[in-house]
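Please find below a colleague's note, written for someone who is opening this entry for the first time. The points can be read in order with the structure in view.

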Amino acid sequence: MLLHRRSAAVVAVLLLLLAGVMVLSACVGQTYVSPGEVWRVLRGHGGPYDLIVGELRVPRIVLGALVGAAYGLSGALVQTVTRNPLASPDVIGVGHGAAAATVLALATGTVASPGALPAVSVAGGLGAAALVYVLAWRHGMQPSRFVLTGVGIGVALSAVVQLYLTESELGAAEQVKLWLTGSLNGRGWEQAEPLAWILLLLALPALVWANRALRPLGLDPDTAAALGVRVHRTQLALTVLGVILAATATGAAGPIGFVALTAPQLARRLTRTPQLPLATSALTGSVILVAADLAARTLMPPLEIPVGALTALVGGPYLLWLLAGGRRGQGRSPVH
């Protein structure tokens, strides 16, 4: 295995940064808890902060790190397949499919228990991505057609959600609106455990293969095929892996926008590698989401901003910056 020294150094720095942000998030809130007390609770010694740290903050922080990692990995895979830095799982309809499936389940009474909603949203995200792939296939997958088809499907599914919100009762509409914004509030081990198993059992082995498959895909399709790569099969496998990660993360915390878009590009700028680095993208996504959730909890106490609203607030200007950079590139940028 080849080891990129700068990438290894960036991974080490991001691990330290993530640990620091997680500790800070466990300490800071309406009630300040010293790092020593946090460590005492984590070691299981008990104390007056068991409820605040052990049951409220730590599960939420762990879930945020897992969701951020899943979004970062998913964004790196989708952007590599589409060869477009503006692509993300949201663009290909994963978030919109999850949202549409959730509101349809609530509207028809198919799901009575809130605990079943994550499974419904995962199924909706996977179904939307499969529909986009089928409609975009024309003797192969052209990245531009894939992205444009995803945008169209996303708009149609978004209309379904808006129709439900206008026709439903106030209480049900408020519940769906909060989920659509994306939030870690009230979530914990119940949502984190399935996501952790998926990352461990599915993503980790698959990403070992994906890390090798990404390198030839960075070349043009004809060159990759000449090197013996089955381009279409590889693109399909990478897309399926990215969609599963994004759909599971969406089911755990709701559709949190712009993390999958920004994390891979920031990781690439940090490592300065020709292809999008997977491990660095995952860690960057974790740092972004844990830090954003910390800010969402502490900016306007006692009110709490949904973390999805905060990432969208920061991600919007970043998207405009990417567009401006692509326009200055005049054809050299992968945006075109």
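1. In which helix does Gly68 lie? Gly68 is part of helix H3, which covers residues 50-82, and this placement, like everything that follows, refers to a predicted model. With a relative accessibility of 0%, Gly68 counts as buried, because the cut-off for that class is under 20%.

2. Leaving aside residues up to four places away in sequence, Gly68 touches Val259, Ala282, Gly285, Ser286 and Leu289. Ile256 is 188 residues away from Gly68 along the chain, yet the C-alpha atoms of the two are separated by 9.2 Å.

3. For the chain as a whole, the secondary structure consists of 13 helices and 0 strands, and the order of elements from the N terminus is accordingly α-α-α-α-α-α-α-α-α-α-α-α-α. Of the 336 residues, 48% are buried. When contacts between residues at least 6 apart in sequence are considered, 74% of them join residues at least 24 apart. The accessible surface comes to about 16,500 Å², and carbon and sulfur atoms account for 66% of that area.

4. Helix H1 deserves a separate look. It runs over residues 5-27, has 23 residues, and spans 33 Å from its first C-alpha to its last, which is close to the 33 Å expected at 1.5 Å a residue. The buried residues of H1 are Ser7, Val10, Leu14, Leu18, Val21, Ser25, Ala26 and Cys27. The buried residues of H1 pack against helix H2 (35-42), helix H3, helix H11 (259-271) and helix H12 (278-298).

5. How many salt bridges does the model contain? The count comes to 2. In one of them, Asp293 pairs with Arg60, and the closest N and O atoms are 2.9 Å apart. Since Asp293 belongs to helix H12 and Arg60 to helix H3, this pair ties together parts that are 233 residues apart in sequence. Asp293 is buried, with a relative accessible area of 3%, and Arg60 also counts as buried, at 8% relative accessibility.

6. Arg60 takes part in a further salt bridge, with Glu304, where the N to O distance is 2.5 Å. Glu304 lies in the loop between H12 and helix H13 (307-329), whereas Arg60 is in helix H3, so this pair ties together parts that are 244 residues apart in sequence. Glu304 is partly exposed, with a relative accessible area of 31%. Through shared partners, the salt bridges join Arg60, Asp293 and Glu304 into one network. In general terms, side chains of opposite charge can pair when their charged atoms come close.

7. A last point concerns another glycine, Gly93, which is found in the loop between H3 and helix H4 (94-108). Is Gly93 buried or exposed? Its relative accessible area is 0%, so Gly93 is buried. Not counting residues up to four places away in sequence, Gly93 touches Ala128, Gly150 and Leu157. Gly93 and Leu157 are 64 residues apart in sequence, while their C-alpha atoms are 8.2 Å apart in space.

Terms used
Residues are numbered from 1 along each chain as its sequence is written. This is a predicted model: local features need pLDDT of at least 70, side-chain atom pairs count only at pLDDT 80 or more; totals for chains, interfaces and linings use all residues. Side-chain values use heavy atoms; hydrogens and water are left out. Helices (H or I, at least four residues) and strands (E, at least two) are DSSP runs, numbered from the N terminus. Buried means under 20% relative accessible area, exposed over 50%, partly exposed in between (1.4 Å probe, protein chains only). Contact means heavy atoms within 4.5 Å. Accessible areas come from the Shrake-Rupley method with a 1.4 Å probe; for residues, only the protein chains shown count as cover. The expected span of a helix is 1.5 Å times one less than its number of residues. A salt bridge is a side-chain nitrogen of Lys or Arg within 4 Å of a carboxyl oxygen of Asp or Glu.
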